[in-house]
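Please read this briefing alongside the sequence and the coordinates.

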Amino acid sequence: MLVIGVGNDLRRDDGVGRVVASTIEEMALPGVRVMTRSQLVPELVEEIAGSDRVVVVDASIDSVSLTARLAEAGTDPAMTHHGSPEALVSLARTIGQAVPDVYVVGVPAADLGLGEGLTPPTAALVSEAVETVLALLGR
Amino acid sequence: MHDLVTIDPVSRIEGHAKITIRLGEDGLVSDARFHVTEFRGFEEFCRGRPVFEMPSLTARTCGICPVSHLLASAKAGDAIMGVEPPPTAVALRTLANLGQITQSHALSFFHLSAPDLLLGMDADPAIRNVFGLMGSEPEIARRGIRLRSYGQSIIEAIAGRKVHAPGIVPGGVAHPMTAETRDVIAAGVAEAKETAIGALELYLSIADRFQREIAAFGSFPSLFLAIANRAGTWEHHTGHLKVIDAAGAVVADNIDPADYRTYLGESTNKDSYLKSPYWKPLVPDSAPVADGMYRVGPLARINMAERMGTPLADEALDAFRETVGGVGLSSFHYHHARLIEILACTERIEEMIGDPLLTDTRVRAEAGINRRRAVGVSEAPRGTLFHDYEVDDNGLLTDVNLIIATGQNNLGMNATVAQIAREWITGATIEESTLNRIEAGIRAYDPCLSCSTHAIGAMPMVVTLEDAAGHAVCSATRG
């Protein structure tokens, strides 16, 4: 099992993925690896292919409530430096790697400006996000 | 006069970027600009911070090239402390930068540029992406990922994985390198070099298809700026600043980075955060700053070098010079330059990895605050990066100025977009292939705006066509 917290922790709520991942890392759950990254990059394909299940946690401005979805290949073909979970799944499949289910948990972000620390509305969602990730991991 | 057309936005660069193409009264392209609308205020954000925290702070802003900021920041810190890092620390910092350039250029070529280059700029967008490429060339894709991973492994060995506790610090590096780590790096270099050789051969096999693009993707005279060394070999970390012109003649040499303000002006645009540095001696008071355009990055570095300094890269540089007739002026050649640089990196890693100096335990000089201002400079993959710090007696920052590579290429990118638009926009409609080429022209510079946010849904990228009065007549956004 792999949890990847994504985001820039110098841009306020953009760092919430890292906060959620770090919280899970402190639990030291057996069989669960935790990584934090500024963004999803192509070599994560190897990490993903070696896992039974992957949960990516990231800030989101697409919704006002917590979201969880399965990353489907082919819905976002453009791999930029800001790669998406969908792009990673597509990449892994295209080069013939076995791909586990990759889930994406999106935590609503209120402020993406320069600054350290989460805003209160986003911080209040961290525990719910942690529970969501644990549920997706089957814990 | 113009129909509203849904057009593809800029893709495969990052950040909140937009391109504006302005038409004149005659309906022809009169101007073009590449804007960045993010990341105001970072320099203000740094004020009051301890100088010893600055490497990790600036590294946290950029998820793509944190090592570049670690190096430039640490060098500014070295100077504020008034110390010279021990030779082993210099060697390890150099090795980290070789890993950095390798991984960044690998991403640029294999994932961001290769779909255009190998599948063609008129290919169906459904396949003209990295997945279409990998479907047809899976082994290339795998080797590209492994090359990037190799570069990353060198970075992690020296700079560390934890950005908050970086391995590159003022005074040197935080930890010596163990023999075991050195052996792992040594074991991977042969494959990395083979991949670099193969990538250059692949590029050379298809480059002839792009003669029209080479002629119109930023093909114009400009100055070039880079760090140079006394030996005249390709440099990426230690040396002085040097500027050459479009004929390769030296315009300025032996510039101390601390004197950069004598030579570099910075124009701030009201509608873009991206500052546009320019060469001041060419811009008297009333002249447009575009007259002082200079380019940085791989093309500048290889144009600057008398030779690369390693055998295969030297051959590659000779062949490049024969192809372009001396100095490469088209920004399309950034692709070629990046591949020559990856090859040079792997050869240099191979040369230095057996040196016992690398595993010496003296890696950090210690001192307090001995200077109130200093400038640290390093060649990031995209070009020369400046960290200019002023501190108080306690080492807290009172003023900060950062000049990033992408900013220094802003004037060049503007001129490139205008040139491409003039070449391919001939009427009232905009073909998708034209938009592809505008995007590809920007991508040649491999701009990095990674300091911007990237949260899901927060990546609008916009291309806008404006009429002579500045009214948008069509635009497209990817949200």
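The points below are grouped by topic, after a note on conventions.

This is a predicted model, in which local features need pLDDT of at least 70 and side-chain atom pairs count only at pLDDT 80 or more, while totals for chains, interfaces and linings use all residues. Residues are numbered from 1 along each chain as its sequence is written, chains are lettered from A and ligands numbered from 1 in the order in which they are written, and side-chain values use heavy atoms, with hydrogens and water left out.

- Two packed helices are described by the angle between their axes and the distance between the axes.
- Helices (H or I, at least four residues) and strands (E, at least two) are DSSP runs numbered from the N terminus, and axes are lines fitted to C-alpha atoms, for helices over the stretch in contact, with angles running from 0 to 180 degrees between N-to-C directions.
- Helix 3 (residues 66–81) of chain B packs against helix 4 (residues 87–119) of chain B at an angle of about 155°, the axes being 9 Å apart, and therefore helix 3 of chain B is roughly antiparallel to helix 4 of chain B (angles under 35 degrees count as roughly parallel, over 145 as roughly antiparallel, 65 to 115 as roughly perpendicular and the rest as oblique).
- The crossing of helix 3 of chain B and helix 4 of chain B is left-handed, a term used if the near helix is turned anticlockwise from the far one by less than a right angle, with right-handed used if clockwise.
- The residues of the contact between helix 3 and helix 4 of chain B comprise 5 nonpolar, 3 polar and 3 charged, where Ala, Val, Leu, Ile, Met, Phe, Trp, Tyr, Cys and Pro count as nonpolar, Asp, Glu, Lys and Arg as charged, and the others, Gly among them, as polar.
- Helix 14 (residues 410–424) of chain B and helix 15 (residues 432–443) of chain B pack at about 160°, with axes 9 Å apart, so helix 14 of chain B is roughly antiparallel to helix 15 of chain B.
- Helix 14 of chain B passes helix 15 of chain B in a right-handed crossing.

**Cysteines**

- A search of the whole structure finds 0 disulfides over all chains, a disulfide being a pair of cysteine sulfur atoms within 2.5 Å.
- B:Cys46 counts as buried at 0% relative accessibility (buried means under 20% relative accessible area, exposed over 50%, partly exposed in between, with a 1.4 Å probe and protein chains only), and B:Cys345 is likewise buried at 0%.

**Positive phi in chain A**

- A:Arg12, which is not a glycine, has a positive phi near 50°; A:Arg12 lies in the loop between strand 1 (2–6) and helix 1 (16–27) of chain A and is partly exposed at 27% relative accessibility.
- A:Ala28 has a positive phi of about 50° although it is not a glycine; A:Ala28 is exposed, with a relative accessible area of 60%.

- A:Val55, in strand 3 (residues 53–60) of chain A, is buried at 0%, and its contacts beyond four places in sequence include A:Ile4, A:Tyr103 and A:Leu137.
- B:Thr88, in helix 4 of chain B, is buried at 1%.

Conventions
Contact = heavy atoms within 4.5 Å.
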